[in-house]
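This report describes a protein model in terms of its domains, its local backbone geometry and the surroundings of selected residues. Please consult the sequence and the structure while reading.

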Amino acid sequence: MTAMESKEWHIVAYAPEGIPTSDNLKLRSTTIPVDAGSIPDRHVALEMLFLSVEPFVRSRMTGREDGLYSPQLDLNQVVTSFGIGRVVESTDDKYAKGEIVTGPFLPVAEYCVVPSDFIIKKIEPNGDIALPDYLSCLGVPGFAAWVGIEVLGEPKAGSNVFISAAAGGVGMYAGQLAKLRGCRVVGSTGSDEKVILVKEEFGYDEAFNYKKETDLDAALSKYFPDGIDMYLDNVGGKMLEAVLNHVNEGARISLCGMISEYNKVWTEREGVRNLLNMVGKGVRMEGFMVGSPSHLARFGDFAREMEGHLRQGRIRSKHKIYHGVESFLESLQSLFSSSNMGKVILQVKPS
């Protein structure tokens, strides 16, 4: 029997509040049988290469299903995320040794055995698209930005578009997609460095540091003298409330995430007091999860469009890559740091 030594991250205690720590997540070693005789039918053994580090992963560690209503991880379960792996062995004729594959529920581990229907796509390893791009531009962040802008927001050329968390994994693509539609785009970020990043690398027309321009109502008056036509919300709380004071007639708001609220129980989250503005101005606000069947049905459309943008240089990415499976906890915690920029990715084995 062929077996591989593997390190993998387990959740050992829920974290209903705050940022998960080593009290909640433990790195354990195990032995994974990877020969065909030990693998169930229609399964694949994978050597994990890259894993996406998402706020959604944190939402599955609270022990409750309010808010995002994310299916919670069972205690002592291996944490899972969107990932890329190399096939080591297969009992499904659709997959052969050495092929690179990707799937949304792959373990945060060095090696694993998973059902072959966990795999959604084969990747050409020597193509003109780098592997990390399949977890960013062509992965969950890019898809979330695409749904929020192209499907729900649909801003017209000349519209005034606002993106919060503009330097994050979703925000960097949302702003670029809105610019491709001919919109004027403004973003909010948590540092002056990020302001420079989104303007110089991602093409934002304007951006502001909300930690310096703390009067959000004044900031939005300054950057949107003609009001806001479309808002992609990644933050929630006080920012969402401020936006509702500046929306135009018929504005659209796509609720992608609310990272300011993820680490709080619902009774401690920021309330929004001015929802009545939506009635008076006919605003449409819609939350969405990219894993819903109606949106997943559009994944092929998204992939074709974004691959075209990427190959033609119309979309740019920024990755923060952590090296080694041991770095998963640090990478997860970094999502909630003001210094985080771009898409956080874990390279499972150091290069």
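The model is predicted. Its protein chain is divided into domain 1, comprising residues 3-136 + 317-347, and domain 2, comprising residues 143-287. To the contact between them, domain 1 contributes 23 residues and domain 2 contributes 19 residues. The C-alpha centres of domain 1 and domain 2 are 30 Å apart.

Between domain 1 and domain 2 an area of about 1,600 Å² is buried, and carbon and sulfur atoms give 55% of it. On the side of domain 1, Glu17, Ser338 and Met341 supply 28% of the area buried against domain 2, more than any other three residues. As for specific interactions, 4 residue pairs are in polar contact across the interface of domain 1 and domain 2, both residues being at pLDDT 80 or more, while the count of salt bridges between domain 1 and domain 2 is 0. The residues of domain 1 that touch domain 2 comprise 7 nonpolar, 10 polar and 6 charged.

**Helix H3**

Helix H3 spans residues 171-180 and is largely enclosed by the rest of the structure, because 8 of its 10 residues are buried. The buried residues of H3 are Gly171, Met172, Tyr173, Ala174, Gly175, Gln176, Leu177 and Ala178. Gly182 follows H3 and has a positive phi, near 85°.

Most residues other than glycine have a negative phi.

| Residue | Phi | Loop | Relative accessibility |
|---|---|---|---|
| Asn76 | about 75° | between H1 and E4 | 45% |

**The setting of Thr62**

Thr62 is located in the loop between helix H1 (55-59) and strand E4 (80-90). Is Thr62 buried or exposed? Thr62 counts as buried, because its relative accessibility is 9% and the cut-off for burial is under 20%. A polar atom of the Thr62 side chain lies 2.9 Å from the backbone oxygen of Arg64. Leaving aside residues up to four places away in sequence, Thr62 touches Tyr14, Ala15, Pro16 and Gln72.

Note on methods:
Residues are numbered from 1 along each chain as its sequence is written. This is a predicted model: local features need pLDDT of at least 70, side-chain atom pairs count only at pLDDT 80 or more; totals for chains, interfaces and linings use all residues. Side-chain values use heavy atoms; hydrogens and water are left out. Helices (H or I, at least four residues) and strands (E, at least two) are DSSP runs, numbered from the N terminus. Buried means under 20% relative accessible area, exposed over 50%, partly exposed in between (1.4 Å probe, protein chains only). A polar contact is a pair of N or O atoms within 3.5 Å; within protein, one must be able to donate a hydrogen and the other to accept it, and residues adjacent in sequence count only if both atoms are side-chain atoms. Contact means heavy atoms within 4.5 Å. Domain bounds come from an automatic or database domain assignment. Buried area is the accessible area (1.4 Å probe) that two parts lose on being put together, summed over both. A salt bridge is a side-chain nitrogen of Lys or Arg within 4 Å of a carboxyl oxygen of Asp or Glu. Ala, Val, Leu, Ile, Met, Phe, Trp, Tyr, Cys and Pro count as nonpolar, Asp, Glu, Lys and Arg as charged, and the others, Gly among them, as polar.
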